[in-house]
Amino acid sequence: MVVVYSCSNKKEQPKIVEQESNYYSNPILQGFYPDPSICKANGNYYLVNSSFAYFPGIPIFKSPDLVNWEQIGNVLDRPEQLDLSDFGVSRGIFAPAIRYHNGIFYVACTLVDGKNNFVVTATNPEGPWSNPTWISEVEGIDPSLFFDKNGKSYIVYNSIPPNNVSLYDGHRTIKMYEFDIENLKVSGQEKLLINGGSDISKKPIWIEGPHIFQKYGFYYLMAAEGGTSEEHSEVVFRSKTIEGPYESYNNNPILTQRHLDDNRLNPITSTGHADIVEDNNGNWWGVFLGCRPYDNEDHYNIGRETFLVPVEWQNEWPIFNLDGDVVKKFYPTPNNVVKTDKSFKYSGEYSHREEFSNSELGFEWLFLRTPHTRWYQISNDALVVDTRPESASEQVNPSFIGHRQQHIKGNVSTEMLFETDKTNEKAGLMAFQNESHFYYLCKSFKNGKAVIQLYQSSENGMEELASKALETKQPIKLKIESQGTIYNFLYAEGDDNWINLKEGVDARFLSTKQAGGFVGTIYAMYTTSLGLKSSNKAVFNWFEIVNSD
């Protein structure tokens, strides 16, 4: 390949060693970054993703060139904006859409199992963002704002079938209201734009994630279709008037991988839920979600990721230009941009070590649901976490601080100080997909001795897979290795002489195909007293990710 990367030691970011041409690597956001939406403002690009029941909600990224991305904050970073108490992991924040108009940024989104659809605004995309304004009239999901050249504004969204009568399973519609941007509320009557999808005679399912654009004197309505797994796709319609009728493109879908051989090398599946943007030179680009399975049975643990490809206009229709049928790992950068070192944190092979040297956690760290009390602190270059009764097996806010698994192959490790003489008190490192699908490598107490244990979630909470007595009271190191279809769980006492506690543990247990839901695996520092009061604490000295796809 024309792009080669190197990293001299695990603490350094990799650097470009050789680059015959300027290429960027897909996905541009690795790991659980689904449902991308993008806009351009003041020469920069801004991108947001779904976050479901993780807090803070809606990560927001900035790029000057579509290649070098930096997370600049989270849209919903205050408890009064987003209370996720009692939400399932794959509920909560669905499909935000970001737009910019007359000096104001807007994000429209859905809180599934909550008050449903809302809009937040900011003059600075780094925040602060407003508290949500709830739009109760919008019945459905995936709202997106559109600002017409004639000065009017609209909100478009996935909704129920006409008269709420489904003609088949998965029958949905795209509807629209005119929108009062001064008061953030709908006006006029609801309009039906699309019934069923690109061809209702074929019973298309789950038309969703709509966006409207203007070009060539047409209104283009682009939406996902086929559900968010292997049959996923993107389709497009156009009309001379905003209210339609909308013509379906003869060559729909304009993006999918569902027709390709399941046994192809390095497949990317489930492509869809797209958004498009025009760059500063008049070229168009599309972002969309896709998945990287590690076998030909579509198992993937790291969730739905964000990809970028060029978009071309052919016969006045937008086409995702994949350079063939297959989504490629590498494409030429827009306008010969060079990828800088810091972007490897989101795309490409990299290593990262968090030393907890700052007073606050970075934007990329995740809590499971909204924390309403401060149960952790950063002190003396260490993360100190209270051992609390709350458990990751429940729909609560446990003492859980996580980072996305971003690569199929690699490892995560930490050094931890934790002492206990109680069997219910545990602290360590987990690979978490949801309340019923996780692995937990932890230190605890058993048969009168300090032990290292490996648990797998079960119907009864957790089942022990392995246990071994510890020899010293020194800080312990914990490591999880990901090798596609398997995880290995290791520990070390006081040095880097790693000992395998258990090898070859089935990774497919954490795959979306088995675990269900819409999220990806999270590597988390986690401590719990399993329902009993505790005054203990776990101290994490560092947290390191090494990726090697």
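Colleague: Which residues does Ser248 touch, not counting residues up to four places away in sequence?

Modeller: Ser248 touches Ser198, Val236, Phe237 and Trp317, where a contact means heavy atoms within 4.5 Å. This is a predicted model, in which local features need pLDDT of at least 70 and side-chain atom pairs count only at pLDDT 80 or more, while totals for chains, interfaces and linings use all residues. Residues are numbered from 1 along each chain as its sequence is written, and side-chain values use heavy atoms, with hydrogens and water left out.

Colleague: How many helices and strands does the protein have, and what makes a stretch count as one?

Modeller: The protein has one helix and 41 strands.

Colleague: Why is the protein called as compact as a globular protein of its length?

Modeller: The radius of gyration, taken over C-alpha atoms, is set against a globule rule of 2.2 Å times the number of residues to the power 0.38. For 549 residues the rule gives 24 Å, and the protein's radius of gyration is 24 Å, so the description applies. The C-alpha trace spans about 75 × 50 × 45 Å along its principal axes. Among contacts with a separation of 6 or more, 58% join residues 24 or more positions apart.

Colleague: How many disulfides are there, and how do you know that Cys291 forms none?

Modeller: A disulfide is a pair of cysteine sulfur atoms within 2.5 Å, and by this rule the count is zero. Cys39 is in no disulfide, since the nearest cysteine sulfur, in Cys109, is 15 Å away. For Cys291 the closest cysteine sulfur is also that of Cys109, at 19 Å, which is too far for a bond.

Colleague: Why is Cys39 called buried?

Modeller: Buried means under 20% relative accessible area, exposed over 50%, and partly exposed in between, with a 1.4 Å probe and protein chains only. Cys39 has 5% and is therefore buried; Cys291, at 0%, is buried too. Of the 549 residues in the protein, 61% are buried.

Colleague: What makes Ala95 and Asn336 stand out in their phi values?

Modeller: Most residues other than glycine have a negative phi. Ala95 has a positive phi of about 50°, and Asn336 has a positive one near 60°. Ala95 sits in strand β9, residues 92-101, whereas Asn336 is in the loop between β26 (330-332) and β27 (351-354). With a relative accessible area of 4%, Ala95 is buried; Asn336, at 60%, counts as exposed.

Notes: Helix = DSSP H or I, 4+ residues; strand = E, 2+ residues; numbered from the N terminus.
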